[in-house]
Amino acid sequence: MSSTPWIPNVYPPTRRSDHVDIYKSAKKGQVRVSDPYQWLEEDSEETDKWTTAQEVFTRTYLDKNADRQRLEDDIRVNMDYAKFTSPVLYDDGRWYWFYNSGLQHQAVLYRSKGKNLPSFSQGTSSEQEVFFDPNLLTTDGTAALSIYDFSDCGKYFAYGISYSGSDFSTIFVRSTDSPLSEASKAAGKEDDRFADVIEHVKFSSIKWSKDSKGFLYQRYPAPKEAKDGIETGGDVDATLYYHKLGTNQSEDILVHSDKTNPEWMFSVEITKDSNYLALYTAKDTSRKNLMWIADLKENEIGPNMKWRKVVDEFESEYHIIANEGPILYLRTNADAPQYKVITIDLSKDKPVFADLIPEDKGANLADVDFVNGDTFLVVYKRNVKDELYLYSKTGKQLTRLASDFVGAASLASRQNQPHFFVSLTGFNTPGTVARYDFTAPEGQRWSIYRTTDIKGLNPDDFEAKQVWYESKDGTKVPMFIVRHKSTPFDGTAPALQYGYGGFSISINPFFSPSILTFMQTYGVVLAVPNIRGGSEFGEEWHLAGTRERKGNVFDDFVAATEHLVKNKYVAPGKVAINGGSNGGKAWASDYGDPDQPADFDFIYPLSPLHNVPTDKVLPPTILLTADHDDRVVPMHSFKHAATLQHTLPKNPHPLLIRIDKKSGHGAGKSTEKRIKEAADKWGFVAQSLGLVWRERK
């Protein structure tokens with residue numbers, strides 16, 4: 001099809017104010033920064049009318065795409081296959097796993113009917129039942145299971161529900177004898193969860209005390225006024241509480257807070273032997289935390305706990321893997337940007353730190369579990385491809401597993417159980433769950449437990465390769481290039497280039513039926529450069545894309561496009577670029593703090609809001625956000641869209657914003673919403689580039 005016709009200078013009107021913010025620059029002193037759309041930061045009737053007008057305007061344009069509905073239908077067909085996670089054996093003696101039959105809004109938590117691990121060698125199993133179905137909570141799939149934990153006694157299930165995509169959750173508790181399922185409803189059973197209701201929970205886990213009488217969680221203060229609209233404010237004054245089962249939240253016990261540092265956040269871990277409680281404190285998204293330890297043999301959980309401040313400076317990241325008595329095993333980046341495993345001996349007056357599995361300079365130690373009571377299961381990320389190893393508890397490498405696999409590995413294990421599971425995924429690998437059984441004979445311990453069966457797409461029709469290219473400053477950067485085998489590498493193909501480059505998050509090989517559908521339909525090449533700012537090569541790679549070095553991220557991304565075109569993987573002028581998230585209220589560790597004069601000087605020149613070019617033609621652009629996104633709040637996108645449309649009203653290509661209602665940052669988004677969003681995104685690319693639908697043979 002030809003590109004969708006565009007008539008410039010017809011955007012919905014946006015009021016401009018004379019609001020000005022004052023910043024301090026280390027180089028220029030006081031700087032006045034105009035902020036004419038500051039009013040869009042408020043959750044007001046005027047803002048609501050503006051978002052509605054913009055959404056109608058954008059929808060009108062997107063619906064001019066003659067292929068839009070057909071693309072959505074194909075994506076839906078190709079997403080309609082069973083998806084599942086690895087099973088985990090909990091303390092009630094049952095196996096639990098998540099399962100989505102295909103197009104269910106939310107994945108359902110299943111479990112075994114008895115103590116035996118169900119077999120899926122025939123595709124299905126009669127030895128399974130639904131334990132918790134979040135789809136029964138709403139009719140539109142906007143309630144999601146966000147966090148959960150089973151008590152050690154095996155009797156209780158505490159779980160957090162988020163609504164409309166918010167990062168805030170409400171915690172409930174139910175007996176493991178009381179499933180939430182269609183079968184329970186059909187049997188006339190009411191939803192008999194307990195009366196406990198824990199609100200205002202955010203960025204929290206649930207950690208049951210070992211006596212199963214209650215659990216720890218992090219919450220924020222209740223808002224001054226209830227609202228169900230656009231999120232704009234920041235989160236401060238996190239507090240750590242202990243909730244006793246069967247009591248009101250108002251009676252919860254304060255365990256820790258820090259009023260002098262209102263932006264700090266807290267999380268906890270209780271060791272498997274129940275002897276130690278670890279308190280982690282993070283001041284931002286940097287890979288640095290404090291770690292205090294309380295001896296639970298000598299302390300009752302509460303405000304008067306005696307903490308041993310094992311790590312009391314924000315110098316590195318420390319997280320406990322397991323313990324054996326007073327010996328803690330930890331993963332850390334202390335003097336090891338690629339991470340290592342260390343021990344800390346708490347039996348000494350001054351904790352003794354020692355290396356156990358030294359840093360591998362050539363690979364990032366991405367994950368570690370302690371399994372079988374005596375073995376470390378280690379994931380090394382080498383050149384953005386995961387490698388699996390077993391190590392003894394003395395730090396000796398024992399063996400490598402699945403050496404022929406190329407992709408990303410996700411672990412599922414419990415410390416003292418003689419087995420573990422690994423989920424394996426890649427660009428053309430939809431998901432394989434493997435099992436390792438320590439009780440089996442040598443040579444028979446590793447087996448494939450469950451494989452994903454795709455109905456629509458054929459993963460074998462796609463292939464992926466990795467190339468390396470040179471960035472502006474000479475840094476070598478890897479990039480995955482994925483294509484349908486019928487798409488030529490002759491310089492004629494359109495491309496979709498995706499990057500992230502922030503917050504020490506690695507972009508690993510992933511399976512996306514919506515992107516593969518788009519690639520197959522239009523002959524598009526997918527390019528995923530692993531630009532600096534992520535964790536692909538450890539903390540140094542991350543830091544090289546932060547603060548005054550943030551420009552490296554964009555240089556890496558631009559150089560990727562240039563490499564694709566120069567080497568005739570794709571056509572010039574036909575590369576669509578895509579990114580998401582990579583911002584939010586805890587962003588200062590990566591981007592800097594504009595209220596600090598030195599930071600302002602490197603932030604302001606890179607701010608997209610304040611640097612819209614007036615001497616260039618911008619390509620077709622669509623910003624995507626959601627009204628309940630309380631992580632990267634939507635007002636950033638509102639103001640950017642308004643600025644683009646005001647500054648370049650005659651731009652020959654559209655500058656649009658898509659605002660999803662009753663959605664958040666992405667976690668918990670229903671399957672149907674994901675399908676429609678994908679059809680809008682990739683349909684926008686198709687109608688902008690004039691891509692031609694390729695009928696399947």
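Helix H4, residues 513-522, is mostly covered, with ten of its ten residues buried; buried here means under 20% relative accessible area, exposed means over 50% and partly exposed lies in between, with a 1.4 Å probe and protein chains only. Helices (H or I, at least four residues) and strands (E, at least two) are DSSP runs, numbered from the N terminus. The buried residues of H4 are Pro513, Ser514, Ile515, Leu516, Thr517, Phe518, Met519, Gln520, Thr521 and Tyr522. What lies over them? The cover includes helix H2 (68-79), strands E32 (462-470), E33 (476-484), E34 (495-498) and E35 (525-529), and helix H10 (671-689), where contact means heavy atoms within 4.5 Å.

Both sides of H4 along the chain deserve a look. Glycine 523 follows the helix and has a positive phi, near 65°. Phenylalanine 503 is buried, with a relative accessible area of 7%.

A word on what you are viewing: this is a predicted model, in which local features need pLDDT of at least 70, side-chain atom pairs count only at pLDDT 80 or more, and totals for chains, interfaces and linings use all residues. Residues are numbered from 1 along each chain as its sequence is written, and side-chain values use heavy atoms, leaving out hydrogens and water.

Now step back to the whole protein. It has ten helices and 38 strands. Its radius of gyration is 26 Å, close to the 26 Å that the globule rule gives for 697 residues, so the protein is as compact as a globular protein of that length; the radius is taken over C-alpha atoms, and the rule is 2.2 Å times the number of residues to the power 0.38. Along the principal axes, the C-alpha atoms fill a box of roughly 70 × 65 × 60 Å. Of the 697 residues, 55% count as buried. Among contacts between residues at least 6 apart in sequence, 58% join residues at least 24 apart.

The structure holds 53 aromatic pairs; rings of Phe, Tyr and Trp (its six-membered ring) pair if their centres lie within 6.5 Å, and planes under 30 degrees apart count as stacked, over 60 as edge-to-face and the rest as tilted. Tryptophan 50 and phenylalanine 638 have ring centres 5.5 Å apart and planes at 55°, so this pair is tilted. Tryptophan 50 belongs to helix H1 (residues 45-62) and phenylalanine 638 to helix H9 (residues 635-647), 588 residues apart. Both tryptophan 50 and phenylalanine 638 are buried.

Phenylalanine 120 and tyrosine 449 form an edge-to-face pair, 6.1 Å centre to centre with 90° between the planes. Because phenylalanine 120 lies in the loop between strand E6 (108-112) and strand E7 (128-132) while tyrosine 449 lies in strand E31 (residues 446-451), the pair ties together parts 329 residues apart in sequence. Phenylalanine 120 is buried at 7% relative accessible area, and tyrosine 449 counts as buried at 15%. Elsewhere, ring pairs join Tyr90, Tyr96, Phe98, Phe131, Phe132, Tyr148, Phe150, Phe157, Tyr159 and Phe172 into a cluster.

Rings also meet charges. A charge sits over a ring if NZ of Lys or CZ of Arg is within 6 Å of the ring centre and within 35 degrees of the ring normal. The charged end of lysine 83 sits over the ring of tyrosine 81, 4.2 Å from its centre, and lysine 297 lies over the face of tyrosine 276, at 5.1 Å from the ring centre.

Finally, visit two loops. Asparagine 651 lies between H9 and strand E38 (655-660) and is buried, with a relative accessible area of 4%. Its side chain reaches the backbone oxygen of histidine 653 at 2.9 Å. Not counting residues up to four places away in sequence, asparagine 651 touches Trp6, Pro8, Lys616, Val617 and Leu618. Leucine 245, in the loop between strand E14 (239-244) and strand E15 (253-257), is partly exposed at 23% relative accessible area. Beyond its neighbours within four places in sequence, leucine 245 has contacts that include Tyr156, Phe194, Asp196 and Trp208.

Note on methods:
A polar contact is a pair of N or O atoms within 3.5 Å; within protein, one must be able to donate a hydrogen and the other to accept it, and residues adjacent in sequence count only if both atoms are side-chain atoms.
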